[in-house]
Amino acid sequence: MIQLASQKHVLLGNEAIAYGALTAGVGIATSYPGTPASEILETLEKHNIYTEWSVNEKVAFETAYGAAMMGAFALTSMKHVGLNVAADPLMSSSYTGVDGAFVIVTADDPSMWSSQNEQDNRFYGLHALIPVLEPYDPQSAYQLIIEAFKLSDRVKHPVLFRTTTRVSHTRGPVELQPPSKPVLGKLIKNSKKYVLVPENARRNRIEQLKRWERIKEEVEKLNELVDNGSKDLIIASGSAYGYVIDALKEFDIKANILRLSTPVPVPKKLLIEAVSKANRVLIVEEGEPVVEYQVKDILYDEGIRVELHGKDLISRAGEMTPEKVYYAFSKFFGIDIITDYLQVPQDTPPRPPTFCPGCPHRSSFYDLKKAVIMASLRLDDVFFSGDIGCYTLGLSPPFEEIDSTTNMGSSIGLANGVYRATQKIPIAIIGDSTFFHAGLPALANAVYYKTPMLVFVLDNRTTAMTGEQPSPSKKIEIGDVAKGLGVKYVKYIDPFDVNNSIKVLSEALKWVKENKEPAVVIAKRACALLVTRSLRGHELPKAVVDLNRCTGCSICYDYFSCPAIIPRPDKKAEIDPLTCIGCGACVPICPFKAISIKGEKPEKWDELWLG
Amino acid sequence: MVRVNILLAGIGGQGLMTAGRIIAEAGVYSNVKVLVAETHGLSQRGGAINVHVRIGDVNSPLIPLGKADYLVGLEATEVLRNLSYANKNTEIVINAYVNRPPLPKIRPLPLDKILEKLKGLKVHVINAEEIAIKAGNPLAANAAILGYLYSLGAFPGIKEESFLKALRTESNIKAFKMAQSIVKVKTL
């Protein structure tokens, strides 16, 4: 927790959003973990307000929405694709409005650093008639989230706050004010407003459109026109603003700048004022032409014809970069911009992300591959339906046991269709947090329709990929859930117990084939980061290789591929003691029994891994 | 106003983000603006990552290609992967450490082969782990790198006492100070 003083603090954009929400008086905050949004709730949960990691984004949204209906100041935060999961209540919230203040943070991920797509959620604002506020750095994020709460409170309407990776995950100086008293609610029963039966919804629709007109007026003052006396106008939205002003300085160019903090709706009066002073306009925005569409619409209606550029000079694909702005400037201002840079050597070895040392998923994929073969199936004849989590890395060599990953819960959902189209039994691979997030309805579907599939749940006791946020699996047994849904074959394995795991998984595959309905096998072992974090400061055991027994067969480093196991020049294996955490996963992998564990297990070692 | 761009390259888990945070904090103590763009999420898991550090008159987080004043590799291969951020005058600081990517059948480039590819550039090779171990904590390697960068003048306006405050632990401070006194500029 930060002690507030007059001095500036170094904060991530996401931390700045959290501190701004506290200054605005947030009383309830919810989220589902997802990069690049996670640090918002991680920061808020250290403070004295109600926070929760909800089971998925829809539930997170509804929890905050319900609180805002009761008059609370509520915030829900999620990654961009999470808002798709919450899109149903999002649309309704715009019809009902709220009695308190309701801010929805969507953290978009242009360039897809940790996501399946780079959708631009500013479109949700146009779609749902919800205003979108967009900061450009941590300081502006802090100030603008306060404005988001004020706007929502004034208009009694939800507000979308859109950030992107390079705002959320940029650290910079932020000046903070103290937090305000959290605003909670009181019981409000107003069925005419909150029950969206046709009669009410039709009336709400008219009210929604009236609020939208008011919002158009309200957003004018949140934007700024910097008049430098130029006939060239640059309209910059969100993160683009920082790149634009840096490039203007770099090349000593004068232009007027319309800085948009509300890309939806574009402030009409300010836009017309800015454009009326200009001969030429360049719109710089990350992602889709959300501002450009609106600007063209407004200018057409006003009968204004002006030379206008935007996405014709700046690619929609990938995040905003200095290079994109340089290219647009070189065309728009007709200047030569040549930067001299060195080339990356072509033979630089690749270094994709990989399972951590001690990761139970590595063992699970190793076991599963052997089990498939033991069940007399061919690896190229089995569809591995993957899901979203660290285990998506099972795609990479040496495992190559992921054939699809499209969205949260897709493993079981797609497996239903794969079987119907091919009559081949698919294997759905899903993590514990993802299972509760979106796997449950798909599994119920598979049980009801008797869809033969093996559901392999990798329960590592946490939501690992996003930084070890809690998972419902710690309190709700997945095996009990599966049985409760009517799954007849439910078994647990410890993925480090290789021989037994292979046996159980291959038997499960055979059972599915014979019984033509779904089976569930749960690999239960904690995320290695979770374990090592609890043991920080303790000495850990280490794996060692007996070089007399090691034959250099390469199984441990080429087919199991733990980063701590390194090939020597003579092809025998050695262990890097700084990387090894002594988990013991590699011990049963070695056919020559050359690997053993030296050193004492810390107290609670087995409990931490298997509890 | 001055502007310094430092690209930190390495592997997820090596402490690059901590190094970036220390620079940003030291900046605040000395009233110098620092922006640090980090890599989070899936890419962190043992994969190649970089951290953009921009000091001074800056409003956007990413370093333009070819505009890094310093390119720093906590792992040597990662300098090559990020070479497009450098130009011929960029000071390249390399930790003498090569990590084999855990991929089947892969052959890492040894350090001498990496240095061969950087011939004609301003290259500094330091053994940060060795300094860190001498300072009493093998995890203080990034503090050693920061100390070396400090002695090259990479942080205009940021005072040493601000770094000492941001570094917090004794071993970090020791590594930071020890690295300042090692011999400079080994241009190949």
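This is a predicted model: local features need pLDDT of at least 70, side-chain atom pairs count only at pLDDT 80 or more; totals for chains, interfaces and linings use all residues.
User: Leaving aside its neighbours within four places in sequence, which residues is A:I298 in contact with?
Analyst: Residues are numbered from 1 along each chain as its sequence is written, while chains are lettered from A and ligands numbered from 1 in the order in which they are written. A:I298 has its place in helix α13 (residues 290-301) of chain A, where helices (H or I, at least four residues) and strands (E, at least two) are DSSP runs numbered from the N terminus. Two residues are in contact if their C-beta atoms, placed from the backbone, lie within 7 Å, and beyond its neighbours within four places A:I298 is in contact with A:V266, A:K268 and A:L271.

User: Is A:I298 buried, exposed or partly exposed?
Analyst: A residue is buried if 20 or more other C-beta atoms, placed from the backbone, lie within 10 Å of its own, exposed if 12 or fewer do, and partly exposed in between. Because A:I298 has 18 other C-beta atoms within 10 Å, it counts as partly exposed.

User: Which residue is joined to A:P265 by a cis peptide bond, and what is omega there?
Analyst: Most peptide bonds are trans. A:P265 is found in the loop between β11 (256-260) and α12 (268-276) of chain A. The cis bond joins it to A:V264, with omega about -10°.

User: What is the phi of A:S554?
Analyst: A:S554 is found in the loop between β19 (542-545) and α21 (555-560) of chain A. With 16 C-beta neighbours inside 10 Å, A:S554 counts as partly exposed. It is not a glycine, yet its phi is positive, at about 80°.

User: How many residues of chain B are in contact with chain A, and which element gives the largest share?
Analyst: On the two sides, 49 residues of chain B are in contact with 47 residues of chain A. The elements that give two or more residues to the side of chain B that touches chain A are α1 (16-29), β2 (34-37) and α2 (76-81) of chain B. The largest share of that side, five residues, comes from α1(B).

User: Which residue of β2(B) is the bridge partner of A:R171?
Analyst: Strands pair if DSSP finds at least two bridges between them, and two bridges join strand β8 (residues 170-174) of chain A to β2(B), the strands running antiparallel. A:T170 stands opposite B:A37 in β2(B). The bridge partner of A:R171 is B:V36.

User: Which strands stand at the edges of the open sheet of eight strands?
Analyst: The pairing in this sheet is mixed, and the order is β1(A)-β8(A)-β2(B)-β3(B)-β1(B)-β4(B)-β5(B)-β6(B). Each edge strand has a single partner strand, so one side of each is left without a neighbour in the sheet; these strands are β1 (9-12) of chain A and β6 (122-126) of chain B.

User: How far apart are the end C-alpha atoms of helix α5 (residues 141-152) of chain B?
Analyst: Nine of the twelve residues of α5(B) are buried, B:I145 and B:Y148 among them. The expected span of a helix is 1.5 Å times one less than its number of residues, so the twelve residues should span 16 Å, and this agrees with the end C-alpha atoms, which are 17 Å apart.

User: At what angle do helix α6 (residues 160-167) and helix α7 (residues 170-180) of chain B cross?
Analyst: Residues B:F163, B:L164 and B:L167 in α6(B) meet B:N172, B:I173 and B:F176 in α7(B). Axes are lines fitted to C-alpha atoms, for helices over the stretch in contact, and angles run from 0 to 180 degrees between N-to-C directions. The two axes come within 8 Å and cross at roughly 145°.
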